[in-house]
Amino acid sequence: MEENFESLKVMVIDDSKTIRRTAETLLKKVGCTVITAVDGFDALAKIADNHPDIIFVDIMMPRLDGYQTCALIKNNSAFRSTPVIMLSSKDGLFDKAKGRIVGSDQYLTKPFSKEELLGAIRAHVPQAGKMAGAAGA
């Protein structure tokens with residue numbers, strides 16, 4: 001059965017247009033609403049406006065990196081429970097540990113697959129993928 005991620009708002013923060021576009025394409029195919037941002041500053045305003053269900057954030061970005069962005073999201077009581085998934089081209093233990101310190105919920109190494117992306121959503125957004133049955137009832 002094809003999963004349904006309709007009505008899920010997913011934010012993708014990455015300074016790479018390719019990564020943003022790839023993630024957006026994959027997520028839109030399964031019904032997500034996708035909000036993209038080029039860096040942490042761009043993202044923070046959009047998070048406040050859109051209240052995403054889950055946020056994917058690249059670690060290496062200019063101005064405000066992924067760790068700082070995640071820390072700011074998690075320090076805001078309105079968004080503390082929003083899952084934040086770190087994206088990095090490095091698969092280092094140090095990066096993963098640092099991600100945990102700032103409150104990230106998971107760490108994905110780029111390039112990520114569709115399965116990894118959807119798996120992260122499934123793992124952290126309780127209503128994800130469960131709506132297919134309910135919608136047809």
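Reader: Let's start with D95: is this residue buried or exposed?

Author: Burial is judged from relative accessible area, and under 20% counts as buried. In this predicted model, D95 has a relative accessible area of 8%, so it is buried.

Reader: Where is D95 found, and which residues is it in contact with, leaving aside neighbours within four places in sequence?

Author: D95 belongs to helix α4, residues 93-101. With those neighbours set aside, D95 contacts Y67, K90 and Y107.

Reader: Happy to move on to the sheet. What is the order of the strands, and how do they pair?

Author: Strands of a sheet pair through backbone hydrogen bonds, in either a parallel or an antiparallel way. Here five strands make an open sheet, ordered β2-β1-β3-β4-β5, with parallel pairing. At the edges are β2 (33-37) and β5 (106-109), each pairing on one side only. From one strand to the next, the twist averages 20°.

Reader: Which residue of β5 does M86 stand opposite?

Author: M86 faces Y107, and Y107 is also one of the contacts of D95. β4 and β5 are joined in the parallel sense over four bridges. Packed on the sheet, α5 touches β1, β3, β4 and β5, and its direction makes about 175° with that of β5.

Conventions:
Residues numbered from 1 in each chain as written. Predicted model: local features only at pLDDT ≥ 70, side-chain atom pairs only at ≥ 80, totals over all residues. Heavy atoms only, no water. Helix = DSSP H or I, 4+ residues; strand = E, 2+ residues; numbered from the N terminus. Buried < 20%, exposed > 50% of the residue type's maximum accessible area, 1.4 Å probe, protein only. Contact = heavy atoms within 4.5 Å. Pairing = 2+ DSSP bridges. Axes fitted to C-alpha atoms, helices over the stretch in contact; angles between N-to-C directions.
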